[in-house]
Amino acid sequence: MARVYNFSAGPSALPESVLKIAQQEMLEYGDSGMSVMEMSHRSKVYESIINACEEKLRKVMNIPDNYKVLFLQGGASSQFAMIPLNLLNKTNKADIVLTGVWAKKAYKEASKYGEMNVIASSEDKTFSYIPELDESKFNKDADYFYICSNNTIYGTRFKNFPETGNVPLIADMSSEILSRKIDVSKFGVIFAGAQKNMGPAGLTVCIIREDLIGNAMDITPTMFDYKTHSENGSMFNTPPTYAIYICKLMLDWLDEMGGIDAMEKINEEKAATLYNFLDNSKMFSATVEGDSRSIMNIPFVTGNEELDKKFIAEATKAGFVNLKGHRSVGGMRASIYNAMPLEGVKKLVEFMAEFEKNN
Ligand SMILES: Cc1ncc(COP(=O)(O)O)c(C=O)c1O
């Protein structure tokens, strides 16, 4: 068996120790006589898994008691509709910052249900930076203020979050949740597709302030109403049971690593290792500058498409896979989520230095 260094943007690498536990427990979880996949979601044993998952998430993210944790399906993309359907309930207006494809998709979807005001956009430079926000443009009566906190495709992130006062701040944290310390109480809703830092695809985690639940539009489908899931402990219907189980293992692993504080330090070091190399290389360069730089997704280029292709091919051969940039921007991108060890980034940098010398 030869496991590669997997720089995929998502679904992404999982820690080997988590996969090994899942392997050990594949045929029989505890003394239940069956795999987690085969269990009724209403069984006592499964109840203990989902409860432990929520408890661990609350612990590692320090989630206040007045927030609900919901385990949903439909991907982060379903939240693009759930957010407006549930939260556009006073003035029917919301503010949004356009920082990439995912924010634009959220904007387009929400615009079906209400008036979305674009506070700022970085589309003029292919979303390669986080725009300055002019607080005087924020609408004080908006039902919410929406951001995509880490932009997977372009490798940008909000270093600091907008101060929106009484207007609930909503964040798509799909590609950075659990990677750095976040003050949950500053947000109305945080949501994330699990397939980057939380486990396998199929699970969407939603952390929502309780007072924002229960005022969905009349047209809201039952499955899209947060109240449905909140009132039923994410068990209105069959939840993604196995994905929740892996998410619990991921959270146990994170906790054992020292929690988010420790993980953030490792992530900063990983990102600095790659950015330092890129900033000093004569061949490779980062496409994002300064405070806009993500510590999870790092795009880079050689400036020559043929050379990019050659690099990706040789890197793949050497066991550094999924380094091709998103089809909309080209070049390369290294996604270095929590499960990517520092060693993996150091080895990648060594490989890049060698490639530079030979080409
Ligand atoms: C920031 C962000 N938001 C939303 C999505 C869409 O997630 P899903 O495929 O779970 O709908 C992605 C997918 O990569 C993403 O990176």
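The shell around the ligand divides by class into 3 nonpolar, 7 polar and 1 charged residues. The model described in this report is a predicted one. The residues that surround the ligand are Gly10, Gly75, Ala76, Ser77, Trp102, Cys148, Thr152, Asp172, Ser174, Ser175 and Gly193. Helix α3, residues 75–87, provides the largest share of this shell, namely 3 residues.

A cis peptide bond links Gly10 to Pro11, with omega about -10°. Pro11 lies in the loop that runs between β1 (5–6) and α1 (16–24). A further backbone feature concerns Thr126, which is not a glycine and yet has a positive phi of about 50°. Thr126 is placed in the loop between β4 (115–121) and β5 (144–148).

**Domains**

The domain assignment divides the protein chain into domain 1 (16–256) and domain 2 (259–358). Taken over C-alpha atoms, the centres of domain 1 and domain 2 are separated by 27 Å. Domain 1 gives 25 residues to the contact, and domain 2 gives 23 residues. On the side of domain 1 that touches domain 2, the elements that give two or more residues are α2 (44–61), β7 (156–157) and α6 (241–256). That side of domain 1 comprises 9 nonpolar, 9 polar and 7 charged residues.

**Helix packing**

| Helix pair | Angle between axes | Axis separation |
|---|---|---|
| α3 and α4 | roughly 40° | within 8 Å |
| α2 and α6 | about 40° | 9 Å |
| α7 and α9 | about 5° | 9 Å |

The crossing of α3 and α4 is right-handed. In this contact, α3 supplies Ser77, Phe80, Ala81, Ile83 and Pro84, while α4 supplies Lys105, Ala106, Glu109 and Ala110. By class, the residues of the contact of α3 with α4 are 6 nonpolar, 1 polar and 2 charged.

The next pair consists of α2 and α6, both of which are among the elements on the side of domain 1 that touches domain 2. Their packing angle is about 40°, and α2 and α6 are therefore oblique to each other. The crossing in which α2 passes α6 is left-handed. On the α2 side, the contact is made by Tyr46, Ile49, Ile50, Ala52, Cys53, Lys56, Leu57, Lys59 and Val60. On the α6 side, the residues are Thr241, Ile244, Tyr245, Cys247, Lys248, Leu251, Asp252, Leu254 and Asp255. The residues of the contact of α2 with α6 comprise 12 nonpolar, 1 polar and 5 charged.

The remaining pair is formed by helix α7 (residues 259–280) and helix α9 (residues 342–358), which pack at an angle of about 5°. Angles under 35 degrees count as roughly parallel, and α7 is therefore roughly parallel to α9. The contact takes Ile266, Glu269, Lys270, Thr273, Leu274 and Phe277 from α7, and Leu342, Val345, Lys346, Val349 and Met352 from α9. Here the residues of the contact of α7 with α9 divide into 7 nonpolar, 1 polar and 3 charged.

Methods: Residues are numbered from 1 along each chain as its sequence is written. This is a predicted model: local features need pLDDT of at least 70, side-chain atom pairs count only at pLDDT 80 or more; totals for chains, interfaces and linings use all residues. Domain bounds come from an automatic or database domain assignment. Two residues are in contact if their C-beta atoms, placed from the backbone, lie within 7 Å. Helices (H or I, at least four residues) and strands (E, at least two) are DSSP runs, numbered from the N terminus. Ala, Val, Leu, Ile, Met, Phe, Trp, Tyr, Cys and Pro count as nonpolar, Asp, Glu, Lys and Arg as charged, and the others, Gly among them, as polar. A residue is near a molecule or strand if its C-beta atom, placed from the backbone, lies within 6 Å of it. Axes are lines fitted to C-alpha atoms, for helices over the stretch in contact, and angles run from 0 to 180 degrees between N-to-C directions. A crossing is left-handed if the near helix is turned anticlockwise from the far one by less than a right angle, and right-handed if clockwise. Angles under 35 degrees count as roughly parallel, over 145 as roughly antiparallel, 65 to 115 as roughly perpendicular and the rest as oblique.
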